Structure formats: C-alpha cells, structure tokens
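Welcome, and thanks for taking a look at this one. Here is a short briefing to read alongside the model, grouped by topic.

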Amino acid sequence: MKKFLMATAATALVGGAAYADNHETIKIGTILGFTGPIESLTPHMAGGAELAMEEVSASGLLLGGKKVESVRADSTCVDSAAATAAAEKLITGDGVKGLMGPDCSGVTGAVLANVALPNGIVMISPSATSPGLSTAEDNGLFFRTAPSDARQSDIMAQILRENGVDSVAVTYTNNDYGKGMADAFKAAYEAAGGTVTIVAAHEDGKADYTAEVGALASAGGDLLVVAGYVDQGGAGIVRGALDTGAFDMFHFPDGMIGSNLEANFGDEIEGSTGQVPGTDSPGAATFAELVGDKFDVTSPYSGESYDAAALLLLAMQAAGSAEPGDYASKVEMVANAPGEQIFPGELAKGLQILADGGDIDYVGATAVEFVDGGEAAGSYRQIKIEGGKMVTVQYR
C-alpha cells in the first residue's frame, strides 16, 4: 500500500491542547450502506462500531475524559457521488475526527481520493476488500480490518479444489468489488488446477436475470460462483439459476454471506459453500459475550467494525490527540505487537496503559494484525449450507 506517513505533534499535545476540555465530545463518522445492496448487514456493523464507542465513553479515560459520539451517514455501498457527499458533510458539517467505513470497495476508494486525502482524515474500513485498495495513494490515512480479496480468492480456490470441484462458472457484480474478486479468483483457481468456464458481469437492480443465467448455463460448470450482493443482483442470479434449473450448487464470497441468504433460499441451496472473514480467536468469543443480544454477532463484519472504531480511539489516546494528523501514525502501533494484548471489553484497560505511557497490542474481535502499511492479515470462516442454515465448517 502506498503510504506517505505524516509527522506527528503528539508529544507536544500530551497534557496540553488535547486535554484542554475534558467534556468535549469527539465525533466519529459511521459511514455504511444503510440503503443499498448490503443494507441487511449494516445495522449489525454499525452496532459493532458503536459498541466500541460506548465502551470508550463509559470508561471516562479517553484524552482526559472525552465522550465519543457516532454520526451515521449512508454510503449506499454503490453510489460513489452520494458516498462522497455524505463523507464530506461528516467532516465539514459534523466535524468528525475519523471515519469508521465506508463499507463497499468502490465507494471507499472514492471517499479516500475525494474526501479523506484532501481533508487529512483517517478512515478505517471494516469491509472494503478490493485488491485495488492495496495500492491506492493514501498518505497513511487508510486502513482496513478486513483482508483483501486477493487473500479471499486464494482461500476460495483452496476450498473448491479440496471439495473436488473441477470447473466453475463465475458471475460478479459490475463494480470494483466484483471485478477485483472475479479477476483474483480466476487467477487463483486456475493456478490450483481448476477450470473457469465463463466470467460474466451482472448489474444490480434488475428485475430479470434470465439472459445472464442463460449465458452462465450455456458455459456450464460444476457450480456457480456468485461474487455479488445478498440483497441485490447476486440474489437475483441465484433465484434465476434455481428457477430455471441452470445450477443448484453455488459458492458464495463474502458479499453474499448474510442472514438473507438463509431467508431467501434455505435448503434450495443445500450443500452450497462459501467464506467470509472471521476468526475463532479468543477475542471472537469475548466479543460474542460482550454483544449478547444487542445485535447479530454472527453477521459479517460486525467484529471488524468494532475493531475499526476501537483502533481509531486507541490511536487517539496513543497520540494524545484527536486530530487525524497526529494519530494516523499510531493506528498500526496500537494494533500490532509489542505490548499488552487487548480484547473486546478491555478498551478501558488499553486506554489506561496508553495514558501511562505503555504499549498495547490490540487483538480485538478479529485478531487484528496490520501488514504492508494498513492491510489486515485476516482469516476466514468457511461455511456450508446444511438443513437450510449456514454452518461453520472451519476457519482458515
């Protein structure tokens, strides 16, 4: 990732301006697709991020006692102009000091280039996975707690080949996420000895996918890989394939993994497989206990969202400042070793260690580890549809 790290004035700020007003509220922008093709996922993602903010506020330890407020904005997931306008308002209108999000890769790239860079704002996406973001110019401002689709594609190829799948047809949503996923997967699967019969784009928002399904059926394959969205065109493709008998077995990357996959298709897709970022680390279990019934802890990217918000706030504490130009260089420092490990529910502990001049290694809900200047190393939860439900097979 292209990183141009900025000098920090953190040392000068500790004990000075950063602590001038103990009652000041620090605003964080929570920018996610509350409408659009993943709208069933984003309430749980926002819930994760805001849980971390509430935890920090309740501690009374952030920068001498500051509270944290989440300001929500709609990225739409797919409309870059709308996402850019929403992010700009968060910064210039609401005065946020960092962005938790956006979510989908295309809008994330647009917000990074058009809003974060010009305004010097730190952004940590919990779910933007396009490999193209790895080389985006970011001035050290962009991080993500979900791993790149370059890694997901390798995992997906491994799963399919281990399951004896020799050939697949691939359809992808026609945007940065879908195209990046399809290209990376094709390369990984063919390198593993598999055959890709067709790679075809589909548009979201259509009422009928007969033509797309017909082309996929003509190409054939042991199953259909659907690199789309569970609340949009990906679901339309699956429904069309099932209704016409074109395919009855599927493999689903992360954009298709969600509660609506079960609700919409159930045992119609029995035996189908997929993967989504996830971990069985101690932090994941702790996070589930912390969440309880507040939201669906199994929903994709809820843990990554908690971690993204937590890292923003811990980095501020490490810098002694809520100013992005001061704390950007601290994000990776608090995320990685050395230091005392910090798990969900232990943000107060982390804040105190940092206030005392110590080091932390934030493990969080998803075993966060940054490599290559802001990339999440990441692990995946492999799933299979059994009895109409998503069952965890293993973690990779």
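## Briefing on the protein chain

P338 sits in the loop between helix 13 (331–335) and strand 11 (340–342), where helices (H or I, at least four residues) and strands (E, at least two) are DSSP runs numbered from the N terminus. The peptide bond leading from A337 into P338 is cis, with omega near 5 degrees. Please keep in mind that this is a predicted model, in which local features need pLDDT of at least 70, side-chain atom pairs count only at pLDDT 80 or more, and totals for chains, interfaces and linings use all residues. Residues are numbered from 1 along each chain as its sequence is written, and side-chain values use heavy atoms, with hydrogens and water left out.

**Overall picture**

- The protein chain contains 14 helices and 16 strands.
- The radius of gyration of the protein chain is 21 Å, which agrees with the value near 21 Å for a compact globule of 396 residues; this radius is taken over C-alpha atoms, and the globule rule is 2.2 Å times the number of residues to the power 0.38.
- Along its principal axes, the C-alpha trace spans about 70 × 40 × 35 Å.
- Of the 396 residues, 57% are buried; buried means under 20% relative accessible area, exposed over 50%, and partly exposed in between (1.4 Å probe, protein chains only).
- Taking contacts between residues at least 6 apart in sequence, 72% join residues at least 24 apart, with contact meaning heavy atoms within 4.5 Å.

**Surface and charge**

- The accessible surface of the protein chain is about 13800 Å², and carbon and sulfur atoms account for 50% of that surface; areas come from the Shrake-Rupley method with a 1.4 Å probe, and for residues only the protein chains shown count as cover.
- There are 22 positive and 52 negative charges, and their mean positions are 2 Å apart.
- For that count, Lys and Arg are positive and Asp and Glu negative, while His and the chain ends are not counted; each charge is placed at NZ of Lys, CZ of Arg, CG of Asp or CD of Glu.

**Aromatic pairs**

- Six aromatic pairs are present in the structure; rings of Phe, Tyr and Trp (its six-membered ring) pair if their centres lie within 6.5 Å, and planes under 30 degrees apart count as stacked, over 60 as edge-to-face and the rest as tilted.
- One of them is the stacked pair of Y177 and Y229, at 5.6 Å centre to centre with 20 degrees between the planes.
- Y177 belongs to helix 6 (residues 176–191) and Y229 to the loop between strand 8 (223–227) and helix 8 (233–244), so this pair ties together parts that are 52 residues apart in sequence.
- Both Y177 and Y229 are buried.
- F287 and F295 make a tilted pair, 6.3 Å centre to centre and 50 degrees between the planes.
- Both F287 and F295 are buried, and ring pairs link F287, F295 and Y306 into a cluster.

- V56 is part of helix 2 (residues 42–59) and is buried, at a relative accessible area of 2%.
- Not counting residues up to four places away in sequence, V56 touches L62, V68, L313, L347 and L351.
- The C-alpha atoms of V56 and G350 are 9.9 Å apart, although 294 residues separate them along the chain.
- I237 lies in helix 8 and is buried, with a relative accessible area of 0%.
- Leaving aside neighbours within four places in sequence, I237 contacts T171, H202, Y209, E212, V213, L216 and L224.

**Backbone details worth a look**

- A cis peptide bond also joins G101 and P102, with omega about -5 degrees; P102 lies in the loop between strand 3 (99–100) and helix 4 (105–119).
- T76 is not a glycine, yet it has a positive phi of about 65 degrees.
- T76 is located in the loop between strand 2 (67–74) and helix 3 (80–93), and counts as buried at 14% relative accessibility.
- D372, also a residue other than glycine, has a positive phi near 55 degrees.
- D372 occupies the loop between strand 13 (370–371) and strand 14 (375–376), and counts as exposed at 59% relative accessibility.
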